[in-house]
Amino acid sequence: SGQPRQAKGGVERQRQREIMANQTDPLASLVHGTNPQNLIENVVKQRIYEQMYWKEECFALTPESLLEKAVEIRCVGGTHGGQRKATKFLCLVLKLLQLQPDKEIIYEFISNEDFKYVRVLGAFYLRLVGSPKEIYEYLEPLYHDFRKIRKLCVDGTYSVVHIDEAVQEMLTETFMYDTSLPRLPYRHTLVSVGRLKPRASALQDEFEAVRKKLEEKKAKMEEEQRRKREENLELEKMEAAERAAQVYRNGGVPSGKAGRHEDRGRRDDLGENKRPRSGRGNTSPEGRGTHEREAKSRRTGGSTSERTKEGDGGGQSKEDLAIQEANALRAKLGLKPLRM
């Protein structure tokens with residue numbers, strides 16, 4: 001009868017030790033209003049308790065000694081195989097939930113660049129227990145980590161993923177590694193209420209460099225266009241000055257019209273010479289009187305028109321008038337006047 005009692009007492013002590021090993025730290029606070037271990041599915045949690053790795057390697061761990069176990073991890077994942085065995089990664093996640101170490105220790109896990117599985121372990125734990133602001137602030141920088149990690153799938157096979165892909169899954173999915181993730185508000189919602197700053201792109205410096213180059217190129221193009229406009233304006237002024245000088249040389253008549261005026265003068269002279277000839281056949285006294293009156297009227301009209309022109313011009317000659325017109329045009333163009 002003594003042996004059964006001893007055996008019963010041994011089983012009872014073993015169960016008490018297991019209960020103590022599976023209990024949450026009494027000093028741990030509630031997470032999302034519940035026991036931190038309840039963040040792992042109950043069925044998955046029982047699978048973890050049955051693992052030899054949990055019983056042998058995770059017993060009496062501290063936050064400092066847990067880091068040594070985390071360095072030995074070679075894959076991530078939830079449960080696998082026909083019996084749905086839990087991975088070492090998931091066992092250490094549950095142990096972290098039991099111990100509930102300080103946030104500074106978890107931040108050191110995430111900032112560790114030497115051991116990539118330690119970084120993923122800290123990121124997944126923070127995704128379970130952290131606030132939305134902490135999660136975005138500490139997990140988004142991991143988007144720049146493109147190292148490969150092995151993931152143990154449900155069927156027992158391995159697949160290769162990158163750390164930035166795992167972080168993207170943590171921030172966007174609701175179920176990962178056989179664990180339901182707490183609800184996470186959208187980032188733009190936190191930005192709109194002022195709890196987060198707008199996300200800065202890793203290529204911001206390159207964008208600024210490209211923008212500066214484009215602005216410099218645009219400034220050079222504008223300067224070139226301005227210089228061309230000034231050159232065209234100078235050319236227009238020179239052409240206008242040349243036209244004014246040509247008008248002055250032609251006696252106040254533009255170069256295109258000078259030939260026409262000369263031709264018209266020649267035709268008028270020829271017309272005057274022809275008119276008396278047409279009346280030479282009429283030798284009667286009346287005809288000679290008519291021709292004399294017409295010639296006198298032409299001479300009188302011509303002198304009158306010349307006096308009228310001289311009166312209108314104020315006693316100035318044609319050259320003086322042409323010089324005045326040229327000076328008026330040069331004054332509009334900003335050039336020096338010609339001397340009278």
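Predicted model: local features only at pLDDT ≥ 70, side-chain atom pairs only at ≥ 80, totals over all residues.
**Stop 1**

Is A60 buried or exposed? Its relative accessible area is 58%, and a residue counts as exposed over 50%, so A60 is exposed. A60 and K95 are 35 residues apart in sequence, yet their C-alpha atoms are 9.8 Å apart in space. The charged end of K95 sits over the ring of W54, 5.1 Å from the ring centre.

**Stop 2: the largest nonpolar core**

Next, select I48, F89, L121, F124 and L139. These residues belong to the largest nonpolar core, which has 56 residues, and they touch the most other members. Colour the helices that give two or more residues to this core: α2 (42-50), α3 (52-56), α4 (63-71), α5 (88-99), α6 (103-111), α7 (116-129), α8 (132-139) and α9 (163-172). Which element gives the largest share of the core? The answer is α7, with 10 residues.

Now centre the view on L121. Leaving aside residues up to four places away in sequence, L121 touches L66, A70, I73, F89, L92, V93 and L96. Show these side chains together to see what surrounds L121.

**Stop 3: the aromatic pairs**

How many aromatic pairs does a search of the whole structure find? There are five, and we will visit two of them. Start with F89 and Y177. Their ring centres are 5.4 Å apart and their planes are at 80°; planes over 60 degrees apart count as edge-to-face, so this pair is edge-to-face. The two partners come from distant parts of the chain, 88 residues apart: F89 is in helix α5, and Y177 is in the loop between β6 (175-176) and β7 (179-180). F89 is buried, with a relative accessible area of 0%. Y177 is buried too, at 8%.

Move on to Y107 and Y138. This aromatic pair is stacked, with 4.0 Å from centre to centre and 5° between the planes. This pair also links distant parts of the chain, since Y107 is in helix α6 and Y138 is in helix α8, 31 residues apart. Y107 is buried, with a relative accessible area of 17%, while Y138 counts as partly exposed at 31%.

Then jump to R150, which lies over the face of Y158, at 5.5 Å from the ring centre.

**Stop 4: helix α14**

Finally, select residues 318-333, which make up helix α14. How does its length fit expectation? At 1.5 Å a residue, its 16 residues should span 22 Å, and the end C-alpha atoms are 23 Å apart, which agrees.

Colour A322, I323, A326, N327 and R330, which are buried in α14. They cover an arc of only 135° around the axis, so they are on the same side of α14. What covers the buried residues includes α11 (204-249). Turn to the other side of α14, where K318, A331 and K332 are exposed. To finish, step past the end of α14 to G334, which follows the helix and has a positive phi, near 80°.

Definitions and conventions: Residues numbered from 1 in each chain as written. Heavy atoms only, no water. Core = buried A, V, L, I, M, F, W, Y, C linked by side-chain atoms within 4.5 Å. Buried < 20%, exposed > 50% of the residue type's maximum accessible area, 1.4 Å probe, protein only. Helix = DSSP H or I, 4+ residues; strand = E, 2+ residues; numbered from the N terminus. Contact = heavy atoms within 4.5 Å. Expected span 1.5 Å × (residues − 1). Arc of directions from axis to C-beta. Phe/Tyr/Trp six-rings, centres within 6.5 Å; stacked < 30°, edge-to-face > 60°. Lys NZ or Arg CZ within 6 Å of the ring centre and 35° of its normal.
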